[in-house]
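Subject: structure for you to look at

Hi,

Here is the structure I promised to pass on. Have a look at it first, and my notes follow below.

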Amino acid sequence: MTPARARTWGRRGCTPVVRVRGRSRRRVSIAALTCYKPGERSRLIYRPRPDDSQGQAKGRKSFAWTDYRDLIVAAHNQLDGPIVLIWDNLNTHLAAGMKEFIAAQDWLTVYQLPAYAPDLNPVEGIWSLLRQGFLANVAFANPDHLMRTVRRGLRKIQYRPHLIDGCLAGTGLAITPT
């Protein structure tokens, strides 16, 4: 919950200060899909996942392959059509259960990005917009405050398809219908 630093304005001689209460081991993981289809508005589908461990060693701290599977199924239900999924080489994307799931779906085609290519991933642009805009210079009081702020920021990005289009343009990639 440590705030991201960003530039801001302040009165001459009065440096703005953001107070931080301390470090927290709790975290919020977010998975997102940017969806592009020629002739339609771009979409953002996301799922936040709070840390289950609550300071204990047990409990899952991030997304499992089943969480990604559920996100893909939800996207398929929302988009109502076949999906071509392009994603990075995160270990949960490459899990055996995920590979079996992908092989069993006729509506899903998956392409892997090169080993380290965040510049080709439009979702990285979404995270950048979120960090530099909605999460910058905010000291979060508790995990719920963080979750509310993240959801509000992602919702505002969702309702601005030109921002999502800009994330695709930032990669240098383009959608060409075949």
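What is the mean pLDDT of the protein chain, and what share of its residues reach 70 or more? The mean is 84, and 85% of the residues reach 70 or more; pLDDT is the predictor's confidence in each residue, on a scale from 0 to 100. As you'll gather, this is a predicted model, so local features need pLDDT of at least 70 and side-chain atom pairs count only at pLDDT 80 or more, while totals for chains, interfaces and linings use all residues. Residues are numbered from 1 along each chain as its sequence is written, and side-chain values use heavy atoms, with hydrogens and water left out. Where pLDDT is low, the predicted coordinates should not be read in detail.

Overall layout

The chain has 5 helices and 4 strands, taken as DSSP runs numbered from the N terminus (helices: H or I, at least four residues; strands: E, at least two). Starting at the N terminus, the order is β-β-α-β-α-β-α-α-α. Of the 178 residues, 33% count as buried, using relative accessible area with a 1.4 Å probe and protein chains only (buried under 20%, exposed over 50%, partly exposed in between). Among contacts (heavy atoms within 4.5 Å) with a separation of 6 or more, 63% are between residues 24 or more positions apart.

The helix 3 and helix 4 pair

Helix 3 (residues 122–134) packs against helix 4 (residues 143–158) at about 120 degrees, and their axes are 10 Å apart. Axes here are lines fitted to C-alpha atoms, for helices over the stretch in contact, with angles running from 0 to 180 degrees between N-to-C directions. The two are therefore oblique to each other (under 35 degrees is roughly parallel, over 145 roughly antiparallel, 65 to 115 roughly perpendicular, the rest oblique). On the helix 3 side, Ile126, Trp127, Leu129, Leu130 and Phe134 meet Thr149, Val150, Gly153, Leu154, Lys156 and Ile157 of helix 4. By class, that makes 8 nonpolar, 2 polar and 1 charged residues (nonpolar: Ala, Val, Leu, Ile, Met, Phe, Trp, Tyr, Cys and Pro; charged: Asp, Glu, Lys and Arg; polar: the others, Gly among them).

Some individual residues

Serine 42 sits in the loop between strand 1 (28–35) and strand 2 (43–50). Is serine 42 buried or exposed? It counts as buried, because its relative accessibility is 4%. Beyond its neighbours within four places in sequence, serine 42 touches Cys35, Tyr36, Pro161, Ile164 and Asp165.

Aspartate 80 lies in the loop between helix 1 (65–79) and strand 3 (83–87). Its phi is positive, about 55 degrees, although it is not a glycine. At 69% relative accessible area, aspartate 80 is exposed.

Isoleucine 102 belongs to helix 2 and is buried, at 18%. Leaving out neighbours within four places, isoleucine 102 contacts Trp87, Leu108 and Val110.

Leucine 173 comes in the segment after helix 5 (161–171) and is partly exposed, at 42%. With neighbours within four places set aside, leucine 173 is in contact with Leu120 and Leu168. Leucine 173 and asparagine 121 are 52 residues apart in sequence, yet 9.3 Å apart in space, C-alpha to C-alpha.

Cheers
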